[in-house]
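Take a look at it, and then we'll walk through a few spots together.

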Amino acid sequence: MRLYEFEGKELFKRFNIPIPPGRLARSPREAYTVLSEMNQPAVLKAQVLTGGRGKAGGVKPADGANEAKTVSERLFELKIKGFPVNTLLIEPRLDIEKEFYVGVTIDRANYKLVVIASGEGGVDIEETAQKHPDRIIKKTLDISEEFYTFEAFGIAKQIGIPGELLRAGAAIIVNLYDLFKRFDAKLVEINPLVLTKSGDLVAADSRISLDDDAVFRHPELKEMGIESRHEEGEMTEREKQAQQWGIPYLDLDGDIGMFPGGAGFGIMGNDFIHYYGGKPANFMDSGGGPSPERIAKMLVLLDENPAVKAIFGARFGGISRCDDFARGVVMFLKDHGLSKPIVMRMTGNMWQEGVRIFQQAKAENPELFDRIEFHGIETPIEEISKRAVELAKGERSD
Ligand code: GDP
Ligand code: MN
C-alpha cells in the first residue's frame, strides 16, 4: 500500500526526520489562502500515488497568493500518469544546495534488508543505479541485525554529507530504518534529502510503500487518517471498469493490448512481447472458462484504450473452450467493432469448433475481420508475439 507524500511526511515527523512545514490545499481558493498566510516563496506539489511528478509538471513554485491560485488551477487540471490531482501539498520553498538519496527496502534475492544511499539525489535512482552503480552505497542487513549509528555515519560520509551535518544525517538514516521496520514497510525513500543553502538537512519528498498484509498491525495509521487502499494507489478508469466486470486487469505503460487466456499465459506473453522489443499496455486474466460475454468485454477494454496500437491475442483451450472464445470475439466484432489490428492464435480444447465459428462469421460479415490476423497451432507463439510488436510499430509510423 502506497502512501501519499504528505502521509509519508507525517510518519517522518513521528520519527524525527525533518520535513518542511506543509499544508494541504484541495482547491485554488485554498491554495490562495495557504500562500497568503504562509507569506513566503512556496512550492506546490501534486499529491498522487506515483513518482516522477517533478518531470510531469506536478511540482511548481509560486511566489504569492495570486500566483498560487493560477498555478494551482493548472495543477488541479493535470493528470499524472493517469492520476487526477485532487490535493496539493504546499511547502515553503527550499533553497537547495545539494540533493541526496536515502532509502530502505528489501533485497528479495537474499532475504535481507538493504539501506541505499547516494550523493546523486533528486533524479531517478534506478537510472543512477544503471549508469553509475559506483555512486550508490548499499548496506545489507539481516532482519534481526542491529543497524548502528556509526554505520549510518559512515554512509552519510560516503555520500558527501558535510562534516558538521554527519550526526544529523546519520540520525535521519537510522530513523528511516526504524520507520521501515516499525511499520512493516516494503520501501521507504527520501528523494531528495535536501541540504539547504542555510545548512540544514530536510526530507523534501517521501515515498513509502507498506506491506498490505501487515497494515492491520498498525491501527495508528487509521488514527492518522491513512486508510487501506489499492496497492498501487488509485485505480485508473479502465481498471475500475474491469473490476466491475470482474476481470483482473492492470494498466501498464506500453502500447500492445494483451488479450491472453489465463494469468500464467499473460505473464509469459508479457515476457515474449518485451523480448521482441515491444511494451504491453496492460495485464489481464480471463479467469477459467470465461463466457463469450466476458471475452467480449476483455476486448472492449483494449479497443477503447487510446494507448493500445495493436492487440495480441492467445487462447490455449484447456478448461476454457476455444468455441466460447470464438463466440466472444465474434460477439465483440458484431456489437462493438474493432478499431485496432489484432494478431491472435487459438489452439486446444474445441479449436475445430472455434475455427468453424470464425469461418461462418467471416463468410457472413467479411469486413469485420479486416484487421484480424488469425493463426492456429501451425504458428508458434513466438511468431505471434513478434507480429504484435510489428503491428504496434507499424501503426506508430503512420
Ligand atoms: P517527484 O518528482 O515525484 O519525486 O517529486 P519531488 O518531491 O522529489 O520533487 C521533484 C524535484 O523538485 C526535487 O527533486 C527538487 O529538485 C525540486 N524542487 C525544487 N524546489 C523544491 C522545494 O522547495 N521543495 C521540494 N520538495 N522540491 C523542490
Ligand atoms: Mn522525489
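Is Asn 191 buried or exposed? Asn 191 is buried, because its relative accessible area is 14%, and buried here means under 20% relative accessible area, exposed over 50% and partly exposed in between (1.4 Å probe, protein chains only).

A quick word on the ground rules: this is a predicted model, where local features need pLDDT of at least 70, side-chain atom pairs count only at pLDDT 80 or more, and totals for chains, interfaces and linings use all residues. Residues are numbered from 1 along each chain as its sequence is written, chains are lettered from A and ligands numbered from 1 in the order in which they are written, and side-chain values use heavy atoms, with hydrogens and water left out.

Helices (H or I, at least four residues) and strands (E, at least two) are DSSP runs, numbered from the N terminus.

| Residue | Relative accessible area |
|---|---|
| Asn 191 | 14% |
| Asp 205 | 16% |
| Asn 305 | 2% |

**Around Asn 305.** You'll find Asn 305 in the loop between helix H10 (292-303) and strand E16 (310-317). Leaving out residues up to four places away in sequence, Asn 305 touches Arg 238, Tyr 249, Asp 251, Ala 281 and Lys 340, where contact means heavy atoms within 4.5 Å.

**Strand E2 and its neighbours.** In strand E2 (residues 42-46), five of five residues are buried. Ala 42, Leu 44 and Ala 46 cover one side, with Val 43 and Lys 45 on the other. E2 runs antiparallel to strand E3 (residues 59-62), joined by four bridges, and antiparallel to strand E6 (residues 88-92), joined by five; two strands pair if DSSP finds at least two bridges between them. Ala 42 has Ala 62 as its bridge partner in E3 and stands opposite Pro 92 in E6.
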